[in-house]
Amino acid sequence: EPTLRLFGSVQLVALLGDRLKQFTLVGMLGLLVPGSSVELLKLTLFSQVPILLFTPLLGSLIDRWNKPAAILGACVVRALLLMCVPFAYEQTHTIYAFYAAAFVTSIFDLMFAPARSALLPELVPSERLMSVNAVFWTLGIIGTLLGFMGGGWIFDYFSWQSSFFANSVIYAAAAALMIPVV
């Protein structure tokens, strides 16, 4: 039961991070190229193409990997990557720094989701799986709402850099919560 609670916390925090990341990337488009549907399309493509390309490969690999370690690794990489985005933009002054972040984090988002789904049946007896899965979906919805609300607040009242750094801290917190599960 404590392991399941920790894992539920990881779900909540990581999905909060996912939505904060999404909000922050879209917010950057609003700052750099206001109203550009072409740039929004590019961001969407950089976020979605990895899913189309890597889903079959990552799905089969995750079945063979240590699922808790895959979740932990995905959270750590996303934390480190998002911490570096403001510095990458500072060096390049190109919107492609954000597109690159969207592309790479999308790959690790893709690792997180199936590993989470595959690990849950290993932690929960089959007779409780449906109810626990419903709780996890609810945690995902709460994390999504908090990520969007927090994203707007951080982005508007602090800075876009703060939004990336906060996102990094959130993914690091998810990783820290995952350590005992591993």
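These legends describe close-up views of a predicted model.

**View 1. A salt bridge joins Asp-109 and Lys-21.** The side chains of Asp-109 and Lys-21 meet with an N to O distance of 2.3 Å. Asp-109 belongs to helix H4 and Lys-21 to helix H1, so this pair ties together parts that are 88 residues apart in sequence. Are the two partners buried or exposed? Asp-109 counts as buried, at 18% relative accessibility. Lys-21 is also buried, at 7%. Side chains of opposite charge can pair when their charged atoms come close.

**View 2. Asp-109 also pairs with Arg-78.** Here the N to O distance is 2.6 Å. Arg-78 sits in helix H3 and Asp-109 in helix H4. This pair links distant parts of the chain, 31 residues apart. Arg-78 has 0% relative accessibility, so this residue counts as buried.

View 3. Glu-39 is buried, with a relative accessible area of 12%. Lys-42 is partly exposed, at 26% relative accessibility.

**View 4. The largest pocket holds about 650 Å³ of space.** Its lining counts 28 residues. Which of these lie closest to the pocket centre? They are Asp-18, Arg-19, Lys-21, Gln-22 and Asp-109. Which elements give two or more residues to the lining? Helix H1 (2-32), helix H2 (37-64), helix H4 (96-123) and helix H5 (129-157) do.

**View 5. Five nonpolar residues make a surface patch.** The patch covers about 430 Å². Val-76, Leu-80, Met-83, Phe-87 and Phe-165 make it up. Helix H3 (residues 67-92) supplies the largest share, 4 residues. Phe-165 lies in helix H6 (residues 160-178). Phe-165 is partly exposed, with a relative accessible area of 32%.

**View 6. Cys-75 and Cys-84 are in no disulfide.** A disulfide is a covalent bond between the sulfur atoms of two cysteines. The structure holds 0 disulfides. For Cys-75, the nearest cysteine sulfur is that of Cys-84, 16 Å away. Why does this pair not count as a disulfide? The two sulfur atoms would have to lie within 2.5 Å, but they are 16 Å apart. Are these cysteines buried or partly exposed? Cys-75 is buried, at 0% relative accessibility. Cys-84 is partly exposed, at 42%.

**View 7. Pro-180 lies in the segment after H6.** Is Pro-180 buried or exposed? At 55% relative accessibility, Pro-180 counts as exposed. How far is the C-alpha atom of Pro-180 from that of Tyr-89? The two atoms are separated by 35 Å. Along the chain, Pro-180 and Tyr-89 are 91 residues apart.

Key:
Residues numbered from 1 in each chain as written. Predicted model: local features only at pLDDT ≥ 70, side-chain atom pairs only at ≥ 80, totals over all residues. Heavy atoms only, no water. Buried < 20%, exposed > 50% of the residue type's maximum accessible area, 1.4 Å probe, protein only. Patch = residues over 30% accessible without salt bridge, like charges linked within 9 Å, V, L, I, M, F, W, Y side chains within 5 Å. Areas by Shrake-Rupley, 256 points an atom, 1.4 Å probe, with all protein chains shown as cover. Salt bridge = Lys/Arg side-chain N within 4 Å of Asp/Glu carboxyl O. 1 Å grid on protein atoms, 1.4 Å probe; cavity = no way out; pocket = protein on both sides within 12 Å on 5 of 7 lines; lining within 4 Å. Points joined across faces, edges and corners; volume = space filled by probe spheres on them.
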